[in-house]
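Dear colleague,

I am handing over the structure we spoke about, and below it you will find my notes on what turned up. Please read them with the model open beside you.

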Amino acid sequence: MDCFEERRQVLLQELAALSGEGALYGFLMRQEEQLPPFAEEWKTEACLLRGCQYRVWLRLELAGGLVRIDADSDSLISRGLMALWVRLFSGLRPGEVLAAETDFLHPVSYTHLRAHETSAH
């Protein structure tokens, strides 16, 4: 079984290989294509994340001692970001998820993309 740190290192290498903002958006679009299907019956108020500009649904489950994450959004970029979280954390033990250092994602998920979203409106 792979661990969070292995997944993190692979993702950091992929992000480092990107050149420019356009490449980041293309990367996120490719990630969203990898997101497993999210069942329509999970698109409930209980699974809806509050405070997001776009609708984002998140479903967490513990199965066989491992965290399972299902996610969806009505925004392609948000789907791409959620795909990163699924890729990083789904299939790990809860303790590993809680101990994971996620600050490395802040430039990808907020600062960099937020500036673009604000200027696009």
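Cys47 is buried, at a relative accessible area of 13%, whereas Cys3 is partly exposed at 28%; here buried means under 20% relative accessible area, exposed over 50%, and partly exposed in between, with a 1.4 Å probe and protein chains only. Counting as a disulfide a pair of cysteine sulfur atoms within 2.5 Å, the total comes to 0 disulfides.

Please bear in mind that this is a predicted model, in which local features need pLDDT of at least 70 and side-chain atom pairs count only at pLDDT 80 or more, while totals for chains, interfaces and linings use all residues. Residues are numbered from 1 along each chain as its sequence is written, and side-chain values use heavy atoms, with hydrogens and water left out.

Turning to the helices (DSSP runs of H or I, at least four residues, numbered from the N terminus), the axes of α1 (residues 4-16) and α3 (residues 76-89) come within 8 Å and cross at roughly 140 degrees, the axes being lines fitted to C-alpha atoms over the stretch in contact and the angles running from 0 to 180 degrees between N-to-C directions. The two helices are therefore oblique to each other, a term for angles that are not under 35 degrees (roughly parallel), over 145 (roughly antiparallel) or 65 to 115 (roughly perpendicular).

Arg30, in helix α2 (residues 21-33), is partly exposed at 45% relative accessible area, and its C-alpha atom is separated by 9.8 Å from that of Ile77, 47 residues apart along the chain.
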